[in-house]
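User: Please take me through this model one feature at a time, and tell me in each case what the wording rests on.

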Amino acid sequence: MPSKNKSKLKRSILCWLALSPLVIVILLPFAVMLLTAIKPADEVLSYPPRWLPSRIAWENFFVMWEETQFGTALKNSIVISTLSTVLAVGISIPAAYAMARFRFAGQAGYRRFLLVTQMLSPILLVLGLFRLAAAIPYGDGNLVDTHIGVIATYTALNTAFAVWMLQSYFATIPHDMEEAAWLEGCSKPRAVLKVFLPLAMPAMVVTGIFTFINAWNEFAVIYTLIRSAENKTVTVQIVDLVAGRYTVNWHHVMAAALLATLPVAVLFSWLQKYLVKGLSLGAVK
Amino acid sequence: MTRTHTKILLSLGTALLGMSTAHAETVRIAVAHYSDQTLPYFEKMAKEFSKANPGITIKVEEVNWDSLQQKLQTDIVGGTNPDLSIVATRWLLDLVKDDVVEPLDARMTPSFKDKFIGAFINSGKVASKTYGLPISASARGLYYNKAMLEKAGYSNGPKTWDEVIAASKKIKATGAYGFGIQGKEIETEIYWFYSLWTNGGEVVDANGKAVFDSAAGIKAANIYKSLIDQGLTQPGVTSNSREDVQNLFKQGRLGMVITAPFLAKQIQKEKPGLQYGVTAIPQGSNAATFATTDSLILFKNSKVKTAAWQFSEFLFSKAARVAFTSGEGFLPTTKEEAADPAFNDAVTQSFISYLPTAKFAPVIAGWEDLSKIVANAMQAVYLGKSKPEDALKAAALQANKMLKK
Amino acid sequence: MSKRPLAPWLLILPSFALALFIVSYPFFNIVWQSVHEVSRFGQVRDFSGVANFATIFADPVFMTTLWRTLVWTVCVVGGTVLVAVPASLILVQDFYGRGLARTITMLPWSISLTMTAIIWRWAFNDEFGLINLGLQQLGIINQPLHWLADPALAFPLEIMIGILVSVPFTVTIFLGGLSSVPTDIYEAARMEGANAWQQFRKLTLPLLRPFINIAIVLNVIYVFNSFPIIWVMTQGGPDNGTHILVTYLYELAFRLGRPGEAAAVSLVMLLMLLAFTGLYMRMQRGEHAE
């Protein structure tokens, strides 16, 4: 109906207007990234500074790719983030199920324990983590400089958030479906697998996305545990280009940052509808 | 083949195998990132050494200066430290106290010892024992923009602080910045020490007590403060790290900056058209410069000390040294390097000429804390939050408390 | 329905065991270091009892840093909630391009915090930063501003960036909460003559309360421990003017060579957070669903 569309149009304009300050401030760093990444080397530090480059310096991306071994770093980021996510979600699902479906003595204590694991910032933990990793034999050395050490750490540190997220979803899924299955003679575990988990899928996907992003962007732990260049992730390589260098090649840094952020941003846009739906009761219907 | 033949062959083969595996060693070395040249250089050296010494592999790990201390700390705690490492010479005291570095005197042949330029090898000694070999050395000098200073009437650069002030006034009138002062991040306190030392002041006295709040110190701080107050420096001093100030100089917007030889290499690469000169740090009552070394150390818990030492000797051979030092824009630390024509250029020779009046950072426990205390005090002065006399007196009090003097 | 009491314990076992294993050793390491004298390179020396704690409490920098950390946390978390509530109220409306708006709001989450800080530091660079360029072109200022030179300007800037990076997470939580609110109650309220503000106060806010609470608790924990923004932009300076506890402890451990004191600071931080969450949860008792 035309009047409904007109009011939606009016509402859209108002909403965008109200959001515009936030949108501008959010998009500003991305604009800076993009503009600096495509500037030729001598225009980055030009004075007076200009917004637009005289030409698009595609070579920045290639040079940066070589310099930071971006391909390898990307592969490492993907492997570590994916495995951490799968593992974290994997062990969090049963825990969240227990918290949502059962009442048992350790419930409050477990919740408190998870909260405490969030309170210890990785900065505080790195020395101890390193020692721990150095003490555990693996392969022909120890867990330092291995993917496994990092994955185990990320899994442990992300568990709290994953359990919390999953638990809030699970609690909104009514018992009836499972109970119906039990009454029909289905064994409990099978009921959970066949009836419950499919319903919980959006929740698991959303939790997985969050865990993936946390792992992708993490810095302190991986910086401490990983040594050789061929094991470094994208986040570490980029910070290495800046921290403590005598000169910083900002065009390369921004080019790298752009490439590192793009996959995650795309992932977001694809999943934003999942995100909100998954968080609400609506997912169950 | 008879059985005996086979047996002989087998045992020969095993013996040979044993011999080669007995020599298959890996030496791990951590190097600090100085420039894009650093890693390629060390990897090249590693390859050359391995070719000449089959059975020894060198594994090079490059670390940013910012995180070197943290990495070393975690490594040492975890027992996974490399065999060799480049460290800031000022860390030697703590490393020796923790008993993790190997004393090198016994391994150094007299001819090896003799290679080094006296001042530099001495900086790596703790309690008269050598623990660090000077792998990189640097001094400080005043870079000046030739065109700007010529117009200001000092075509060979200013020689005294008064001349710096006069020249900066003229440069300011043309719309550029006069004298660059670093107010942020690493070596902020050193930048002020240039003024302190050339006005007859000292950081600590012979007993290790902080004395930078002397009359000389207050004068030195006042010089910088008046430069800032009169607008003769770049604006926003405390948001400028050394890199920022150097960038302004490279842009041709800053007349003078005090820094190390590597700036010349950067200018050559990034702004070869810039006309600049190098002169000694401006004098107050005397000449002085800051000299610093980074040291190569051998860890006590290394399992391949002999191989690691062999590599160290290789790194200090003439060819290896010339390649490294000239590539990075440092100063030669061995006599045979210094004689090489690669260092005959005006800039390097100038820096070498300042060495007689060079001051090194005293190797005392708590130097890092002291540096931070002084840097904080100077930042307060630069921001106008504190008067030089008050800031320095308070800082000296704090420093002495920390130093327990 | 047989309820085996063992089942829930088995279900939480894997996550509990792993988290305990990874976290407990470093935790005990911190406690151990805090009661010993520790050298620059991490060698634990003599037992020093509460000496490290006494040192830090006598340190004037520690006390001002503690206060500043409270200011930081309150401002960032408060600011985040104040921005996130209206933002989520808008984003839950039906309007054209809502999907795009939601994606944009989440974008800060897609960059690592360290990278965000690096980019903002570059944007605020005195001479070459695009912020000064933009402001000068718009005629708002005619000289470049020295954003990071003075703590009085740098710290509020860092707070704003802290808010910016916390908004996506908080908005996500609120959107979830708002989406679960049935729309009919608004119809009923409107028919009874309630205006928009009253609807918000009496209907939306109470339903949103549990989500606001969890957002506050989690944000306080993350913001309190948030290291990269301040470290990358000002390293806690100039003159210790922007230090918060976590950046100060990093400086103590990895620059000044005093890991024992850094460990003591870590424990103080942990105790502060435990106290906060304990008190806050107690105040909010009653709206936990199960």
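This is a predicted model: local features need pLDDT of at least 70, side-chain atom pairs count only at pLDDT 80 or more; totals for chains, interfaces and linings use all residues.

User: What makes the four strands of chain B a sheet, and in what order do they run?

Analyst: The four strands form an open sheet in the order β8-β9-β7-β10 of chain B, with mixed pairing, where two strands pair if DSSP finds at least two bridges between them. Residues are numbered from 1 along each chain as its sequence is written, and chains are lettered from A and ligands numbered from 1 in the order in which they are written.

User: Why are β8 and β10 of chain B called edge strands?

Analyst: β8 (177–179) and β10 (276–279) of chain B each pair on one side only, and that places them at the edges. Neighbouring strands of the sheet are turned by 25° against each other on average, with direction ignored.

User: Why is α9(B) called oblique to α10(B)?

Analyst: The axes of α9 (residues 188–198) and α10 (residues 215–229) of chain B come within 8 Å and cross at roughly 125°, where axes are lines fitted to C-alpha atoms, for helices over the stretch in contact, and angles run from 0 to 180 degrees between N-to-C directions. Angles under 35 degrees count as roughly parallel, over 145 as roughly antiparallel, 65 to 115 as roughly perpendicular and the rest as oblique, and therefore α9(B) is oblique to α10(B).

User: Which residues make the contact between α9(B) and α10(B)?

Analyst: B:Trp192, B:Ser195 and B:Leu196 of α9(B) meet B:Ala216, B:Gly217, B:Ala220, B:Ile223 and B:Tyr224 of α10(B), contact meaning that the C-beta atoms, placed from the backbone, lie within 7 Å. These residues divide into six nonpolar, two polar and no charged, with Ala, Val, Leu, Ile, Met, Phe, Trp, Tyr, Cys and Pro counted as nonpolar, Asp, Glu, Lys and Arg as charged, and the others, Gly among them, as polar.

User: What are the domains of chain B, and how many residues are in contact between them?

Analyst: Chain B is assigned domain 1 (23–138 + 292–359) and domain 2 (141–290 + 365–403), with bounds that come from an automatic or database domain assignment. Their C-alpha centres lie 29 Å apart, and 16 residues of domain 1 of chain B are in contact with 15 residues of domain 2. On the domain 1 side, α16 (346–354) and β13 (358–359) of chain B are the elements that give two or more residues, and α16(B) supplies the largest share, five residues.

User: How many residues does the contact take from chain C and from chain A?

Analyst: The contact takes 72 residues from chain C and 74 residues from chain A. On the chain C side, α1(C) gives the most, with 17 residues, and the residues of that side divide into 49 nonpolar, 19 polar and four charged.

How values were computed: Two residues are in contact if their C-beta atoms, placed from the backbone, lie within 7 Å.
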